[in-house]
Amino acid sequence: MREINVKLITEKVRDLCIEANTVLEEDVLLAYERALETEESPIGKDHFRQLLENAKVAREEGIALCQDTGLAVVFVELGQEVHVAGGDLNEAIHEGVRQGYRQGYLRASSLDPLTRKNIGDNTPAMIHVEIVPGEKIKLAVAPKGFGSENMSRVVLFPPAVGIEGVKKFVVQRVEESGSNPCPPVVVGVGIGGTFEKAALIAKKSLLRPLGQRHPNPEIAKLEEEILDEINKLGIGPMGLGGRITALDVHVETFPTHIASIPVAVNIQCHCDRHKEAVL
Ligand code: SF4
């Protein structure tokens, strides 16, 4: 059994929080560049130039890509041959978020949902742990802005709605969201499972690189079809009109009950932040 000390986990989460908030992944920059070529609206084109410039400044100056530095969503793939030593795994992750948001001068947005009193250090992290084979720990930090999170939905449909009904729901959700989620968006879709499983697979699908299709050809085709429909809506970058309303659509599925088609739509804004590391 391999031993990994919690201190290492805290340090890595701290670094990932800062990096995710200041440095966009290459696939996101490439998606902006592709969109700059294909967007027809002059305002939309200008928006993509500004997004590229904003990403460059944030990376070079080490400052946040957006004022909304989000809630810290942390996915953990924990190898079953790993012994986490020296403390509590969850607390180690919270401490990493605490340090990352303080040291990176990132806005603390987490608060009590009822009193609305700010917790002050952007904890707790939203932690999702999956036990996997092996002796490694994979950490993915995805700061989630709430302009886009607020537009997300889970609905449990009767089976009769079929694939066409699911497609209609996803496209309609993006249409009704308008400019609120800071388009161009990335749309994570979870189909199946239970109420919470659908939401979780939708959120995790947002970690997939932009432009990478699902390995199942039927699901890949569904992603293309939904993306195509969304990009006919005319919402465009920041809702100012244009061709590119979504940079991509990622669909994940999971077996479900005979009586239902759960569908979750988790919308991500253009500030598509996530960083991963393996310990
Ligand atoms: S939704 Fe995204 S781009 Fe808009 S303010 Fe929040 S983090 Fe920033």
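**Pockets, cores and a ligand shell**

Let me start with the second largest pocket. By class, its lining has six nonpolar, three polar and seven charged residues. Keep in mind throughout that this is a predicted model.

How much space is in there? The volume of the second largest pocket is about 380 Å³. It has 16 lining residues, and the closest to its centre are Leu 227, Asn 231, Ile 244, Ala 246 and Leu 247. Which one gives the most? That is α2, with four residues.

Now the largest pocket. About 480 Å³ of space lies in it. Here 19 residues form the lining, and Phe 75, Glu 77, Glu 130, Lys 204 and Leu 207 are the closest to the centre. At least two lining residues come from each of β2, β4 (126-132), β5, α7 (195-205) and β8 (246-256). The largest share belongs to α7, which supplies five residues. By class, the count is nine nonpolar, two polar and eight charged.

Next, the cavities. How many of 30 Å³ or more does a search of the whole structure find? One. About 70 Å³ of space lies in the largest cavity. Its lining is Val 73, Phe 75, Ala 142, Lys 144, Lys 203, Leu 206, Leu 207, Gln 268, Asp 272, Arg 273 and His 274. β2 and β5 are the elements that give two or more residues here. By class, this lining has five nonpolar, two polar and four charged residues. Note Phe 75 and Leu 207. Both line the cavity, and both are among the residues closest to the centre of the largest pocket.

Around the ligand sit Cys 66, Gln 67, Asp 68, Gly 145, Gly 147, Ser 148, Cys 182, Cys 269, His 270, Cys 271 and Arg 273. That shell divides into four nonpolar, five polar and two charged residues.

On to the cores. The largest nonpolar core has 24 residues. Which of them have the most contacts inside it? They are Ile 9, Val 13, Val 84, Ile 93, Ile 137 and Leu 139. Two or more core residues come from each of α1 (6-22), β2 (71-79), β3 (82-85), α4 (89-103) and β5 (137-144).

Take Ile 137 as an example. Leaving aside neighbours within four places in sequence, its contacts are Ile 4, Ile 9, Val 76, Glu 77, Leu 78, Val 82, Val 84, Ala 277, Val 278 and Leu 279. Two of these partners, Ile 9 and Val 84, are on the list of residues with the most contacts in the core. Another, Glu 77, is among those closest to the centre of the largest pocket.

There is also a second, separate core of 23 residues, including Phe 169, Val 187, Ala 246 and Val 249. Ala 246 is also one of the residues closest to the centre of the second largest pocket.

Last stop, Asp 88. Where is it? In the loop between β3 and α4. Asp 88 counts as partly exposed because its relative accessibility is 45%. Its C-alpha atom is separated by 33 Å from that of Pro 255, which is 167 residues away along the chain.

Conventions
Residues numbered from 1 in each chain as written. Predicted model: local features only at pLDDT ≥ 70, side-chain atom pairs only at ≥ 80, totals over all residues. Heavy atoms only, no water. Core = buried A, V, L, I, M, F, W, Y, C linked by side-chain atoms within 4.5 Å. Buried < 20%, exposed > 50% of the residue type's maximum accessible area, 1.4 Å probe, protein only. Contact = heavy atoms within 4.5 Å. Near = heavy atom within 4 Å. Nonpolar A, V, L, I, M, F, W, Y, C, P; charged D, E, K, R; others polar. 1 Å grid on protein atoms, 1.4 Å probe; cavity = no way out; pocket = protein on both sides within 12 Å on 5 of 7 lines; lining within 4 Å. Points joined across faces, edges and corners; volume = space filled by probe spheres on them.
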